[in-house]
Amino acid sequence: MRYALLSVAFLAIAVTVALILTRAGSSLRVKVNMPAVLVAGTALMVLTAVFDTLMIALNLFTYSDALISGIRVGLAPVEDFAYPLATVILLPALWQFMTHHPHLKMSALLKHALIVSRPVSWINTAFPFGAAYFLATRDIDWLLVVGAIYYLIPYNLAMYGINDVFDYASDINNPRKGGLEGALLPPAYHRPMLWLCLVTNVPFLAVLFAAGSPESAIALAVSTFAVIAYSAAGLRFKERPFVDSLTSSTHFVSPAVVGLTLAGASFDSALLLMLGAFFCWGIAAHAFGAVQDIQPDREAGIGSVATVIGARSTVIFTIVMWGTAGILMLMTSWPGPLVAIVAVPYIVNAVPYLHVTDQDAGTTNKAWRRFIWLNYFSGFLVTLTMILWWMTVRG
């Protein structure tokens, strides 16, 4: 697809959403400061020209002459300016729509959005995408940058934002909500948060769908559906025991699959074993996290793998799944087996709770907090292994 068509599609989406928001907010008598919009828009255009030119000059990415019009501002192709233009079109309408309520403030919404998106977990989805795409293409290009940004912030905002809106009845009775482990989003911000999830995700998804293949489109569709289906009313996969863990694991494995399919990777047995190990890790991570929420989930009438089979059985299940992940990595080609050791600290972290009861399931929160930081340690080891693999491949 030519870049101009992609830019036009992006602009069309921005204009359509802006018209819908403007129509919805027209009766709310909220004024947009047009001089401020023009100044901000001009600044965005200038910054796009400057930084695009610098990044292209440094060979951070390039554009195929066959896919662009050839008209440039500096070194930046004119098609690149569609994105700041779309921002100028969309954001005022979004601002008008979201600030119509006298007690709502955009600054407060953005603050809630930052907490809702779980910044400490951003890397858990951006890294799988970036690593998979980079190892498959061995190149840094614009698609890697766009995908990594998407899976760093907008994807997490949608995943956790939808969850925090539809889980409010449970979260309000959960003492661990309202900080590092999840936001407690006031009801007045539920609707604006869902709109913010929509407008921050759709443009990225449109670009990734347009730039990819049928295989990557299927992977993106599965990834997006899993994000919505886990928490949204009417689907609520998170209340279906075992489906909840499968869907949650999809949240973290699907970015890697999207990256691989966008890069045109071949899915051989070694790659499938690694993805299988990652999927087992995700199932275990979700199930272990559900143990601490047994009491508040039951009080809110929410089912989960932990509320059905109980705290002790769930801990055993998670240890088995982390062990399976390690065994699968041992079956991969060198240096993949080195990653098998990553399973050990997770198992050690869970073993002290082998005899936990449903009544004291909340005590596993201490291990869950360690789990969050273990992910960084695991990411470090995986990165070192990737570097070793890279050196081996390059000889």
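A salt bridge here is a side-chain nitrogen of Lys or Arg within 4 Å of a carboxyl oxygen of Asp or Glu. The structure, a predicted model, holds six of them.

**Figure 1. Arg 118 meets Asp 164 in a salt bridge.** The closest N and O atoms of Arg 118 and Asp 164 are 2.8 Å apart. This pair links distant parts of the chain, 46 residues apart: Arg 118 sits in the loop between helix H4 (106–116) and helix H5 (123–137), and Asp 164 in helix H7 (residues 154–166). Helices (H or I, at least four residues) are DSSP runs, numbered from the N terminus. Both Arg 118 and Asp 164 are buried, where buried means under 20% relative accessible area (1.4 Å probe, protein chains only).

**Figure 2. Arg 236 reaches Asp 167.** Their salt bridge spans 2.9 Å, N to O. Arg 236 belongs to the loop between helix H10 (214–231) and helix H11 (243–262) and Asp 167 to the loop between H7 and helix H8 (168–171), so the pair ties together parts 69 residues apart in sequence. Arg 236 and Asp 167 are both buried.

**Figure 3. Asp 167 also forms a salt bridge with Lys 238.** Here the closest N and O atoms are 2.2 Å apart. Asp 167 is in the H7–H8 loop and Lys 238 in the H10–H11 loop, so this pair ties together parts 71 residues apart in sequence. Lys 238 has 12% relative accessibility and therefore counts as buried. Through shared partners, salt bridges join Asp 167, Arg 236, Lys 238 and Glu 239 into one network.

**Notes.** Residues are numbered from 1 along each chain as its sequence is written. Local features need pLDDT of at least 70 and side-chain atom pairs count only at pLDDT 80 or more, while totals for chains, interfaces and linings use all residues; side-chain values use heavy atoms, leaving out hydrogens and water.

Key: Helices (H or I, at least four residues) and strands (E, at least two) are DSSP runs, numbered from the N terminus. Buried means under 20% relative accessible area, exposed over 50%, partly exposed in between (1.4 Å probe, protein chains only).
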